[in-house]
Each structure stands twice: as structure tokens, then as C-alpha cells.
Amino acid sequence: MSRSIRRAKREDIPGIVMLEKMSMGPLWSDEGLEYEMESMEEFVRERFTCDNMWVMEDKNGDLLAFLHSTNYKDAISSNMICEIYTIIIHPEHFGKGIGGELMEHQRKIALEEGMDIMKLEVLSNNHRAIRFYNQKGFQERKKVMAMHLNCHEDNGRGSPDTMPFPLLDWLMENKDTRYDLATSSMPPNSLGDVMCTEPNITLGVDPGITVELEEAIGSLYGDEVHVMVTSGTQAANTLVLSTLLRPGDTVLTEEPSYPSLHIVPSVLGMKLELLERSFDQGFLVREDVLYECISSRPRMVVLTDPHNPSGVYMGPRALTRIYETLEMWDSLLLVDEIYRDFLPDSSSALDLGENVLVTSSLSKVYGFAGLRIGWVATRNKELMKRLRRAKEHLMPNNSVLSERVALEIIKNRDSYLSVSRNVARRNLKLVKGWVDETQGVRWVEPARGIISFPRLDVSVSTVEFAKEARDKGVLVVPGEFFGSQKWLEGHIRLTFKLDEHELKKGLELLSHTLSACR
Ligand SMILES: Cc1ncc(COP(=O)(O)O)c(C=O)c1O
């Protein structure tokens, strides 16, 4: 039978996917085939960008086999390596010498390209394959050294149950402290406030309500936005990270940070790179620093905007150039915008382009943290399709009651926003006055909102300071709980959602604590 080998072309993708499918046999006959096919196609398409793909076809142009390899320089030995990732032969053509022919072709190419070693991986119990490759001139190297690249397996911090969460512990342990200048949500509203007047809400699963709510949220961002409702921002962030990234992928995120944005990618086995947002730089992400960091080509950059804990707002314009670079590499940008609605004139990072995802919820600005309604929004239909499938597996259906109430809140959004923005404006002025007149406190004035991260001039760590303040009746959060940099010890997260009188009392007690700790 006449057959020939040539470089694969993009038109071969469906044929290659079929070969992959056949090589996986019964795995493909399960439900969910359509989804798997898509991800396989994406996988094959991706490989075209950097690797070598060869196909063998018969005289009618039907694909008989394909081979995928990549060339690189081994950093330790300096050998040039041609590594074969996959050889797939159409099952109808087994035993016709196709494997040997492809391998010989690859050997010649590798020689022409100046490679020193050709290698591939075979499971040690696959004796047939070992015999075959021995015959082709490969030698088995027993002493292959391997190490876990997921460093978290080594330091015992690989699963969520072993991850400390001091911020949450601190807030829970001290929740009865008289003046709360620590938590970052508006005071909770009640069901009565929502005035949800329909007594006959059915409590079966109701996809109609979900669609209505998603459309209502989508309309807040403009046209052609895809929205998926989740159980809070936390679930939205977790879904994005767990669905769109793989273990070993690099995630670049900020420090100081809301702790979950470090913990979740870590437990998912991703490599974390941290981008410092320092007091001296006004807690902004310096474009040149971010630019330098993204030269390591993270698969995803994760930011909060406004920033938790500092409350500083960057806005999408500051991210345009970075975004363009990320887009070039097909990397993604996730922006947690949970505090953005406090700001009357802000715009969403969503408008930067197709590779952006934004998350938010009704927890902070609207005062409905217990409702557990959040969302992820993107203009990228494909990403949303993947997220929806993942949600179905991992956390299907939100509470229909919460979704119904949330719809009402979104419809009356302006009245909630006007209350929150008034509180934020009034309190920011008040706290600014306190910072200006209090010795030993400096801050980067936050954007309108209710969180800030002042620096204190005290002789103790801010954990000690916060304990002292708590004993006097006012709760703040030690800066140490937002990262591991030493300088965080000099900061507290100070929030201001209380009414005027309570806030003044809280700040007064804080002044006493400052005097005691200087
Ligand atoms: C930046 C950030 N993202 C997410 C969350 C979690 O919010 P949710 O209640 O919407 O899950 C918080 C809560 O403090 C937060 O500060």
C-alpha cells in the first residue's frame, strides 16, 4: 500500500482528533463525548503553535497515523533533545510497520535539525513497547531521576484542610467585639428590605430564574456579555482557577492579597508568583514591575480591583498594555471586582477584551453576604462554555430562593447603591480626618469604598496591636494576615461601614490603643 509522511496542516486537526479518540478506545463512548471532543481539538490546535506534528496518509489522503514531537535544549547536559510525545496509529493498520517508518522519519529529521538525543517515555510495564523501541535502537535508561514539581506536596500545604486562614479565624473569634472596623461588607440587609412580594415562589430547581438573573447582571456590563451565577465571588474565583488552569500552570497574583487568591491556586497545584503592591508605590501595580513579572508567561494574572486590603482602584486603563501582552500569549486575566460598585465612576476590566474574566457578588456593596450570590462575567463564549460545564460537575444550581431575591435586588440596584455610596463617601471623609490628625498613622487614601490599609508607627507588631485594640473594644485586622512580607506587620486593615457615631467611637478607641503602643 502506498503511503507518505508529511508535516501536519491545520486541516488535519479533525483527523488527528479522530486518531486520538480511537487510541483512547472505550473512554470516548461515555456521555460527555461532545465536550471532550472540543477540549481535545483545542489541545491539538495548541500543539500546532510550538511543536512538530507529522501525519502519515494513504494514497487517498486518509490519515493512517500521526506523530508529535518537540525539540529543546536540556539545561543541565546541554544536549539537544527531540522528545516524542505521541505516536498514534489507526487501529486498522496495526502490524504493518507504520510505527517503525514514522520513527525512522523522525530520526532523520532530528539528525538534520542537529538534535543529540531522541527520547520518549514508555511505562515500565509495557514490555511490548519496550521490545519494539529496543529494536529501533532506543535504550532503556533505568536511572531516570524525577521530582515533584508541585512544591506544595513537599511543604505539607497541599490540601485546603492544612491551609491556615488567620483572617477568617480572627474575624470569627472576635465577632462580638463592640466596634467592628474589620469586616468589609456593608451591614446586612434583611429579606423584608428586599420586598420580595411573591408568596408562591416554587422551590424546585428553576433554570428560568437563573437565566433571568444572569441576563439582569449581564445588562449591567453592556452587550454580548456572558454571565454565570455562582455561590458568591469565592466560588466564582475557584471555578475559574480550577477550570481554566492545570496543575503546574503559573499564576501571577498580588501581595498583600485576599488570602483565598493565594490559597486556592496553591491547593490546585499551580505555581504562584507574587507581585508586590507596596505602600511606597501607593499599592498600585507598577506597570514596569508587572511587565517584568509577566515575562515568565503566567497562564493567568489575578488581581483585585479595587484592591483588598488597601481599597486602591486602578481601573482597566492602567492594565491595557499588560492585557495586550497577555492576550498575545493567550494568557488570561482574572479581576475580582467585588468592591467596584462602591465607586460611582468606575468601569469594569471586562471591556479590555476576550481574555478577561471578572467576578463579583452581592456580598460587599449590597450587604447580602449571606445570600451567597456572586457571578463570573466574560465576553469569551468559549471560556464561559467550559465554566458552565465545570459548574454542573462541581457546584450545580444555586439556591433558587437566593436567586429569586437576588433578581429583586438587581432590579432595585440603584437604591442599594445610593445607600452604600453615601455611607462610603461620608465615612471616608471621617476616617481621612482621623488619619490627618492622628500621630503615628499614615495611609494611601483609598478610592471611595469602605476598606483601607493604613501604616501605624507602633513599637509592637500589628497582631499585638490588634489584640490590644480588641481588648479595648475595637476590631481591626492585622496586616500580617494578607501576606508574608515583613512590612505587612506595620499595617492594619481598617474598614468603615458603621454609622457615624459608632465609627467615631471606634476610631477614638483606636487612638487610645495607638498611644498605648507607641
Ligand atoms: C477580594 C474578595 N474576593 C472574594 C471575597 C469573597 O466574597 P463572597 O462573599 O462573594 O464569596 C472577598 C471577601 O472578603 C473578598 O474580599
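Helix α9 (residues 232-244) gives the shell around the ligand its largest share, 3 residues. Keep in mind as you explore that this is a predicted model. The chain has 518 residues, of which 37% count as buried, and its secondary structure comes to 17 helices and 19 strands. Here is a friendly tour, starting at the ligand.

**Around the ligand**
- The shell holds 13 residues, and those that come nearest to the ligand are Gly232, Thr233, Gln234, Ser361 and Ser363.
- Sorted by class, this shell has 9 polar, 3 nonpolar and 1 charged residues.

**Helix α9 and its partner**
- Two packed helices are described by the angle between their axes and the distance between the axes.
- For α9 and helix α10 (residues 260-267), the angle is about 35 degrees and the axes are 10 Å apart.
- The crossing of these two helices, α9 and α10, is right-handed.
- On the α9 side, Gln234, Asn237, Thr238 and Leu241 take part, and they meet Ser260, Leu261, Val264 and Pro265 of α10.
- This contact of α9 with α10 has 4 nonpolar and 4 polar residues, with no charged ones.

**The five-stranded sheet**
- An open sheet is formed by 5 strands in the order β1-β2-β3-β4-β5, with mixed pairing.
- Its edge strands are β1 and β5 (117-120), each of which pairs on one side only.
- From one strand to the next, the twist averages 25 degrees.
- Is strand β1 (residues 3-7) largely in the open or buried? The number of buried residues among its 5 is 0, so β1 lies largely in the open.
- Strand β1 runs antiparallel to strand β2 (residues 52-58), and 5 bridges join the two.
- Lysine 73 has methionine 80 of β4 standing opposite.

**The three-stranded sheet**
- Another open sheet has 3 strands in the order β15-β19-β18, and the pairing is antiparallel.
- Strands β18 and β19 (residues 492-495) are joined by 2 bridges, and proline 478 stands opposite isoleucine 492 in β19.

**Backbone details in the loops**
- The loop between β10 (300-304) and α12 (320-328) contains proline 306, which is joined to aspartate 305 by a cis peptide bond with omega of about 0 degrees.
- Proline 309 is found in the loop between β10 and α12, and a cis peptide bond with omega of about 25 degrees joins this proline to asparagine 308.
- Phenylalanine 283 is not a glycine, although its phi is positive, about 60 degrees.
- This phenylalanine 283 sits in the loop between β9 (271-276) and α11 (287-293), and it counts as buried because it has 24 C-beta neighbours inside 10 Å.
- Arginine 372, in the loop between β12 (356-361) and β13 (374-378), has a positive phi near 55 degrees.
- With 19 other C-beta atoms within 10 Å, arginine 372 is partly exposed.

**The whole chain**
- The C-alpha trace spans about 90 × 60 × 40 Å along its principal axes.
- Among contacts between residues at least 6 apart in sequence, 68% join residues at least 24 apart.

Key: Residues numbered from 1 in each chain as written. Predicted model: local features only at pLDDT ≥ 70, side-chain atom pairs only at ≥ 80, totals over all residues. Near = placed C-beta within 6 Å. Helix = DSSP H or I, 4+ residues; strand = E, 2+ residues; numbered from the N terminus. Nonpolar A, V, L, I, M, F, W, Y, C, P; charged D, E, K, R; others polar. Buried ≥ 20, exposed ≤ 12 C-beta atoms within 10 Å, placed from the backbone. Pairing = 2+ DSSP bridges. Axes fitted to C-alpha atoms, helices over the stretch in contact; angles between N-to-C directions. Left-handed = near helix turned anticlockwise from the far one by under 90°. Contact = placed C-beta atoms within 7 Å.
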